[in-house]
Amino acid sequence: MYEISGFTKRTTTPGFNEETALFEFDKVLKLMTDLSRYHSGFNDLSHLSDQVKVRGEELAEYLLTTDEPDPGILEEWDRLEADTNRISLHENPRTVFNSIWKQNKDLNAEFGTKLLNITVKSNAERGVELTRSIDFDGNSPPLVKLSLPMSDSSDYWYQSASTTRELMFAMMEIWDFKWIVARPSMYQGMNKHLFSDRVTFGWMGWTSDQFGYSGDALSLVEPTRDGSFMLLQERMMTLKKPDVEACNRAESALLDQGVLSLISEI
């Protein structure tokens, strides 16, 4: 998987409530509507209802512990696996929101937290997924993450650096980011980045800081949207050793420039 993810400025909204959740949900809906003009993969986003999710977990436990499962249970399992058990974001946005809001209220009541999490994803097994999360207790900075599958060389989002940059800027039209990057998801997941307590770089990114750069660790740094756009290289970054080492050099250079912020300071 590849991802375009970043931290937004901390919210000034009053806190964890339905009004705030709906405000953020409408942003999610707008982004996916905007991106659906680029590719059909952004057009089948959906959400698994809480009731269906719980029932699926019950059936999974039953099937794991039963040698000869009841045919009716198997039929119900097949129905749960079907796309019809997901709620379409574009066709039923209010139903999707109500389900997400209920899940958030229940989880926060259970654990005593104030965490808003909105996640929608494609019906495909390895499809697009968008997550918006805000911790109103302030333990972590607000996050937006768009996950993109890597199936083969025909994937739309990796055709060129300019295409991925367009997707990133579409997200920036909706949220007020401090730092946002496009990178292989496992660059951070496999701890290949340099600093565990700082933001990470990747193939490309944008920072709200303005800075000039004349070194060779980055192929491009240019003033963009009251900040700076950064590009590692024209070719898509992979997890192969030369690309990882190049990205590590870029992170070191960005630290020297004072723009690779501590996550706790965002």
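These questions and answers cover aromatic contacts and a surface patch in a predicted model.

Q: How many aromatic pairs does a search of the whole structure find?
A: Rings of Phe, Tyr and Trp pair if their centres lie within 6.5 Å. Searched as a whole, the structure gives a count of 5.

Q: Is the pair of Y2 and W203 stacked or edge-to-face?
A: The ring centres of Y2 and W203 are 6.2 Å apart. Their planes stand at 90°. Planes over 60 degrees apart count as edge-to-face. The pair is therefore edge-to-face.

Q: How many residues apart in sequence are the parts that Y2 and W203 tie together?
A: Y2 belongs to strand β1 (residues 2-8). W203 sits in the loop between α6 and β8 (204-207). Both residues are buried. The parts they tie together are apart in sequence by 201 residues.

Q: Which helices does the aromatic pair of F25 and F97 link?
A: The rings of F25 and F97 are 5.5 Å centre to centre, with 55° between the planes, a tilted pair. Both residues are buried. They are 72 residues apart. F25 lies in α1 (residues 18-35) and F97 in α4 (residues 93-111), so the linked helices are α1 and α4.

Q: Is M186 buried or partly exposed?
A: M186 is in helix α6 (residues 185-189). With M190 and L239, M186 makes a nonpolar surface patch of about 260 Å². Its relative accessibility is 40%, so M186 counts as partly exposed.

Q: Which residue lies over the face of F229?
A: The contact is at 4.1 Å from the ring centre of F229. The residue over that face is R165.

Notes. Residues are numbered from 1 along each chain as its sequence is written. This is a predicted model: local features need pLDDT of at least 70, side-chain atom pairs count only at pLDDT 80 or more; totals for chains, interfaces and linings use all residues. Side-chain values use heavy atoms; hydrogens and water are left out. Patches are made of residues with over 30% relative accessible area and no salt bridge: like charges are joined within 9 Å, nonpolar side chains (Val, Leu, Ile, Met, Phe, Trp, Tyr) within 5 Å. Accessible areas come from the Shrake-Rupley method with a 1.4 Å probe; for residues, only the protein chains shown count as cover. A salt bridge is a side-chain nitrogen of Lys or Arg within 4 Å of a carboxyl oxygen of Asp or Glu. Helices (H or I, at least four residues) and strands (E, at least two) are DSSP runs, numbered from the N terminus. Buried means under 20% relative accessible area, exposed over 50%, partly exposed in between (1.4 Å probe, protein chains only). Rings of Phe, Tyr and Trp (its six-membered ring) pair if their centres lie within 6.5 Å; planes under 30 degrees apart count as stacked, over 60 as edge-to-face and the rest as tilted. A charge sits over a ring if NZ of Lys or CZ of Arg is within 6 Å of the ring centre and within 35 degrees of the ring normal.
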